[in-house]
Amino acid sequence: MGYKSEIQNKNLAWFLPRPRPPFTYKGVMPLWGEEWLLELAGDLLGKQDYDLLSLFCGLCKQGFRIDINPDVKPDLVADAHNFVDLLPAGMMFDVILADPPYSDEEAKQLYGTGKLNYKKWTSECIRVLRPNGLLIVYHKLMMPNPDPKKFIVVKRVFLGIRTWHLPRVAIYFQRRDAEFIHEQGDAITSNPKWKEN
Ligand SMILES: C[S@@+](CC[C@H](N)C(=O)[O-])C[C@H]1O[C@@H](n2cnc3c(N)ncnc32)[C@H](O)[C@@H]1O
């Protein structure tokens, strides 16, 4: 399978070499990171006006912002593992941008926060993500598909940032609706095309 294949066409690489000001908050995205990631989400959805949830928002500015740290003045102070029941009833999103701490050690050292359970917080996201909506997981690891029966990978953005820093990767998981899952059911697990997810 060549580099022009469908699988490879999902990949993008950006070089955004400056942290976004203010630099005082640990783990902020690179300059233009938030804006470019969200514009790409709009391009994938075919509309730039969409309902956005920024989970683990830190100092990210856009959308409905959730963080466990009240100092970053989120719209909702909540633990990502249990936030849905704290939202206004029926609130749903087209895009969720999630930028969690990258490890339990970093969570403790940088933010004084507890261990993360990927399965648990992504399950919360599924509860409020509309069909065909995008869950963007921004990380230094290639994070797995939270649920291959509910999501497919539609884009991966590899971000080069500062020298002597690890690159980051933003994976765009698109939620498929029940009909798709019903129709594709076995294909998702048996067709090699889906294995990358
Ligand atoms: C990598 S930082 C986000 C930085 C942000 N993207 C920016 O550019 O400013 C991770 C954030 O996750 C928050 N956090 C850590 N554990 C959390 C949890 N269990 N629930 C919600 N937020 C959490 C931290 O307070 C921190 O603001």
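**Values and Cut-offs**

Modeller: Across residues 181-194, pLDDT stays under 50. The model has eight contacts there beyond four places in sequence. pLDDT is the predictor's confidence in each residue, from 0 to 100. Two residues are in contact if their C-beta atoms, placed from the backbone, lie within 7 Å.

Biologist: What should I know before reading on?

Modeller: This is a predicted model: local features need pLDDT of at least 70, side-chain atom pairs count only at pLDDT 80 or more, and totals for chains, interfaces and linings use all residues. Numbering starts from 1 along each chain, as its sequence is written.

Biologist: What is the average pLDDT of the protein?

Modeller: The average is 91. At least 70 is scored by 89% of the residues.

Biologist: How many helices and strands are there?

Modeller: Four helices and eight strands. Both are DSSP runs, numbered from the N terminus: helices are H or I with at least four residues, strands are E with at least two. The pattern along the sequence is β-α-β-β-β-β-α-α-β-β-β-α.

Biologist: Why does G133 count as buried?

Modeller: G133 has 25 C-beta neighbours inside 10 Å. A residue is buried if 20 or more other C-beta atoms lie within 10 Å of its own, exposed if 12 or fewer, and partly exposed in between, with C-beta atoms placed from the backbone. G133 therefore counts as buried. In the protein, 28% of the 197 residues are buried.

Biologist: Where is G133, and what is it in contact with?

Modeller: G133 is in strand β6, residues 129-139. Leaving aside neighbours within four places in sequence, its contacts are F93, D94, V95 and R175. D177 is 44 residues from G133 in sequence, and their C-alpha atoms are 9.4 Å apart.

Biologist: Why is K73 called exposed?

Modeller: K73 has 11 other C-beta atoms within 10 Å, so it is exposed. K73 lies in the loop between β3 and β4 (76-77).

Biologist: Is F56 buried or exposed?

Modeller: F56 has 25 other C-beta atoms within 10 Å, so it is buried. F56 is in the loop between β2 (52-55) and β3 (64-67).

Biologist: Which residues are closest to the ligand?

Modeller: G27, F56, G58, L59 and A80 are the closest, and 21 residues surround the ligand. A residue is near a molecule or strand if its C-beta atom, placed from the backbone, lies within 6 Å of it. By class, the shell has 13 nonpolar, five polar and three charged residues. Ala, Val, Leu, Ile, Met, Phe, Trp, Tyr, Cys and Pro count as nonpolar, Asp, Glu, Lys and Arg as charged, and the others, Gly among them, as polar.

Biologist: How do you know that β1 and β7 pair?

Modeller: Five bridges join β1 and β7 (residues 151-160), in the parallel sense. Pairing needs at least two bridges found by DSSP, so the two strands pair. N11 stands opposite R156 in β7.

Biologist: How many bridges join β7 to β8?

Modeller: Eight, and the strands run antiparallel; β8 spans residues 168-175. I152 stands opposite Q174 in β8.

Biologist: Why is N9 called exposed?

Modeller: N9 has 10 other C-beta atoms within 10 Å, so it is exposed. N9 lies in the segment before β1 (11-15). Its C-alpha is 9.4 Å from that of R156, 147 residues away in sequence.
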